[in-house]
Amino acid sequence: MPKEIPVDPAVTRRRGEISFAPIPVHAYDTPIAGERKRLGDARLIAVLRHMLIVREFETMLGEFKARGAYAGIAFNYKGPAHLSVGHEGAAVGAAMALTPSDHIFGSHRSHGEFIAKGLSAIDRLDERQLMNIMEVERGGAVLAAVQRCIRPTNERALAEAFMLFGLLSEIFMRSTGFNGGMGGSMHAFFLPFGAYPNNAIVGASAGIATGAALRKKLAQDNGIAVAFAGDGATGCGPVHEAMNFGAMAQFDGLWPEPFKGGLPVLYFFTNNFYAMGGQTRGETMGWDRLSRIGAGVNPSNLHAETVDGANPLAVFDAVSRKRALLLEGKGPALLDVETYRISGHSTTDANAYRTREEIQAWGPYDPIAVHGAALREAGVLDEAGEETLRGEIRETIRAVTAAAVDPEAAPEVDIAARPTLIGDLMFSNRSRALGEADPAIVSAAEASSHLRQLGKKSRTAFGEDGAKLSPMRAITVRDALFEAILHHFTHDPALVAYGEECREWGGAFGVYRGLADILPYHRLFNAPISEAAIVATAIGYAIEGGRALVELMYTDFIGRAGDEIFNQLAKWQSMSAGELRLPVVLRSSIGSKYGAQHSQDWTGLVAHIPGLKVVYPATPYDAKGLLASSLASDDPVVFFESQRLYDTTEQFRADGVPTDYYRVPIGVPDVKREGRDVTILTVGPSLYAAIAAADELEKEQRISCEIIDARSLVPFDYAPVLASVKKTGRILFVSEASERGSFLQTLAANVSRFAFGDLQAPPRVLGSPNWIVPGAEMESTYFPQAVDIVDVIRAELLAESGYNRRGVRTWDDRELARLGI
C-alpha cells in the first residue's frame, strides 16, 4: 500500500528463477581445546553441572508421578509432568549464550528451559543484585523458606536453591511459587532472571516472543527474545504467522532510524522428532529438515541452521552467533536444534509409537554423556569429579523437594480463607497516568488537514435551529474514537497501533484516517492478514512494558485468533497472580450488509471468557470516553464497534462530545431516557431501535419507557438496572446478538434473581434468531427493529389483550427452541 514502494510490472513480470542460500546442518566443529581457550574450564564444568541439575529435577518429578516418592520423600503430585529428559543440551547451551536482559518464552516442556535460564542469570548477576531480587519476591516469603529449610552455604547456592524452590513450589501449586500457585508446571516464569511466561499451548510463545522483540526494539533495549517450541509447533498456523510478522520487510524498508532493522527474536525449535506420538519428519510434516522452513519466510532463510542439540557447546555457539545478528538488526533467526526425548511425552506415555531399538540407538547421544565424555577426554573433569557433582546436586534437589512439599515452608493456596482469591486476580483495575505531550506529534497534529476538518464540526447532532446535522457537519463515533486515540498517542510513548490496513488506508472504516500524517511508521503500521499474530504480538509487547492498540477488521475474524484472545490475552494476568500486566486494547468492528461471515455479533462469546473486559459503545460521547479509559487501563479490553454506528452523531448530551480529554468508566450502564412503565436495556445499535420504539409507545399508547445503554458487558454494574426495574417492574433486554447463549441471557437471569420481588412480568430477551445473518436486503427481518420491541412490550410485558403483532417475528419461540434453532 505505501506509495514509497511502487509495484513495477517491468520488475515483477521479468523472467528468472528463485534461488535459496544454503542452510547449514551440523556445521559446528570446534574442538574442545578451542572451547577451553574461549570459555575456560570453570564454564565448561558449569555446563555439565547445569545439565545435571535439570536432569535430577526432572527425575524427581518423574519419580513422584510414577511412584509417589523421591529420595524417601512421599508426595502425591496431581499435576502434569512434561519432562525434558534428553533436552538438557539444548536448554543449557542456549541459556549459556543469553544475558538476564534476554528473555525466553518457553514451551509446555519448559522446566529445563526455565532452570537453565535461571542458572545462567545467577552466574551473571552479582551477589547484591541477587539478594535484591530474592528479598522482594513475594514479600520475601520464598527467600525466608529457603534460608530456614534448605540453608545453602553461600549466596550463589542460596540463589540457586531459591530459583529451584520457587519453581517447584509453583509446579506443586503452592503459595510460595513464583506465580503464587496460579500457573503450575506449564506456565511458570520468573521475570528477574529473564524467564518469561512458558506456555501450555503448542507454539503459542512464537507470537508472544515476537511482540516482546518489537517492544525491545522500540524501547532500544539491548536484549533479544527467544521463542522456544517443539518441532510439532511447525504444523501450527500461528507459528508461521509469527515468523512472517517478525520478518516483515517494512522494518528495514520503511521504519526510521534508530528503529530500522529486523526484530531481535530467535525462533528456537527443540526438535526431538516427535509431536507427542506423531513423528514430524516423514509423517506429519513435509520438511526433511525443520530448518528448511526458514527459506519460505524471507531471502535470508531466517539465518536458519540445524544444530546438534546433543552438544551444548554447539548450541551455545549457534545461539551466540544468532544473538549477535539480532542485535545488529538482522533478525529474526531460526534454529533447528535436533535432540531426542529420552523420557516420554508425559508420564503416561507408553512409547507405543517408537521401538526400543530406536531409544537405545540414541543412548550415546545423551547430552550429559556427550559433554561429560568430552570433559574427561580433555582432562577437564574426571569421573570422580563428575560423581561429586552428581552427589551435591542430588542433595540440593532433595533439600529443595523436602521444603516444597512441607506445608510449613510452602503453604498451600488457602481458597477457604479467601474464597474470591482467584477472582480478585482477574483484573488489576489499574490505570496508568499519562505523561507530557510529545512535541513532535503535537506539531504534526497542528498541520493535519484532518484535524482542521474535525475542528469545524459541531460537537452535537443538532444545529442551532434544532435540525439534525449530517455526519459531514457533526462529530461522529468515528471522529470521537480518533480523538481519544490521538490524545493517547500524544501522551503515551509506549503506545503502538497496528492491524490490517491501519496506516495509509486509515483503517478499513476510517477511524485512523489522518493518523498516518501525524505518526511515524514505528508507532502506526500495517500488519499482515494474520489475526493470531496481531493479537499474540500485542500480548508480548504489553508483557514487556508497552501498550498496544490492535484491530481485527471484523468481529467474525476473532475465530482466527481464538487461542490468542481466549487462552493468552485473557489469562496471563491471573495465571501470574497479578505479576504481569496486559494493557492491550483489541478493537473489533461488528459488520453489517455482508451476510453470514461478516456481520455477527460475538460479544457474548467474548464476555463468556473470564479475564477480558468487554466494551460496546453506541454514542460518540461514550465511544471517546470508553476508549480513553480502555487505553489507560492495565487490563486487556476487547472494544467492539458497530459499523452501522460509525457515522452516528451525539444526540443524547446537550453539550455534545467535549473537545477536551475525558474518560467514561468501564462497566457502568447509562440511562439514556428516563421512564416509568418499562425498562429497555440495550447493547450496541439496538439503542436506536429502542428509542424509536419508545417514541411510538409514548405517542400512541402513553407508555413511558426507561432506556438504559449497557455500554460495557464486562464488568457490569447492576445497580442502575435494578433501580430502574424497582420503578418500572418490567424489563426488556435488546441486542443484535443471537439470543441463544447471548450475554443478555446472563443479564436477564441475574435481574430475575436480584430483582425478583420487584418484577411484575418475566424479563424478556429480544435478540437475533439463532441462524445465520442474511445479506443487506434481509437484515431488517433479522436484527431487532423498533416494531419488534413494540410487539414484545405490548403483547408480553404488558400482556395487552387482543394485540396483534405487526413485525415479522410471528414464530413460536418454544417450537424453534425445541428444534434447536
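This is a predicted model: local features need pLDDT of at least 70, side-chain atom pairs count only at pLDDT 80 or more; totals for chains, interfaces and linings use all residues.
1. Setting aside neighbours within four places in sequence, L612 contacts F427, I565, F566, L569, A570, V606, P636, V638 and V714.

2. L612 belongs to the largest nonpolar core, which holds 95 residues. A second core is separate and has 90 residues, among them L52, M60, I104 and L168. In soluble globular proteins, nonpolar side chains tend to be buried together.

3. Now the sheet. Five strands form an open sheet with mixed pairing, in the order β17-β19-β18-β21-β22. Strands β17 (670–673) and β22 (764–768) are the edges; each has a single partner strand, so one side of each lacks a neighbour in the sheet. On average, neighbouring strands are turned by 25° against each other, direction ignored.

4. Strand β21 (residues 731–738) runs parallel to β22, and 4 bridges join the two. S738 has S768 in β22 as its bridge partner. Helix α28 (residues 743–754) packs on the sheet and touches β18 (678–682), β21 and β22. The direction of α28 makes about 160° with that of β21.

5. Which residue pairs with K727 in a salt bridge? The partner is E706, at 2.6 Å from N to O. This pair links distant parts of the chain: K727 sits in helix α27 (residues 719–728) and E706 in strand β19 (residues 705–709), 21 residues apart. K727 is partly exposed at 44% relative accessibility, whereas E706 is buried at 4%.

6. The whole structure contains 46 salt bridges. R321 and D317 form one of them, with the closest N and O atoms 3.0 Å apart. Both residues lie in helix α13 (residues 312–327), 4 residues apart, about one turn of the helix. R321 is partly exposed, at 36% relative accessible area. D317 is buried, at 14%.

7. R321 and D317 also take part in a salt-bridge network that links E35, R38, E305, D317, R321 and K322.

8. E328 and K330 form another salt bridge, at 3.3 Å from N to O. Are these two buried or exposed? E328 counts as exposed, at 52% relative accessibility. K330 is partly exposed, with a relative accessible area of 44%.

Technical notes: Residues are numbered from 1 along each chain as its sequence is written. Side-chain values use heavy atoms; hydrogens and water are left out. Two strands pair if DSSP finds at least two bridges between them. Axes are lines fitted to C-alpha atoms, for helices over the stretch in contact, and angles run from 0 to 180 degrees between N-to-C directions. Contact means heavy atoms within 4.5 Å. A nonpolar core is a set of buried Ala, Val, Leu, Ile, Met, Phe, Trp, Tyr and Cys residues joined through side-chain atoms within 4.5 Å. Buried means under 20% relative accessible area, exposed over 50%, partly exposed in between (1.4 Å probe, protein chains only). A salt bridge is a side-chain nitrogen of Lys or Arg within 4 Å of a carboxyl oxygen of Asp or Glu.
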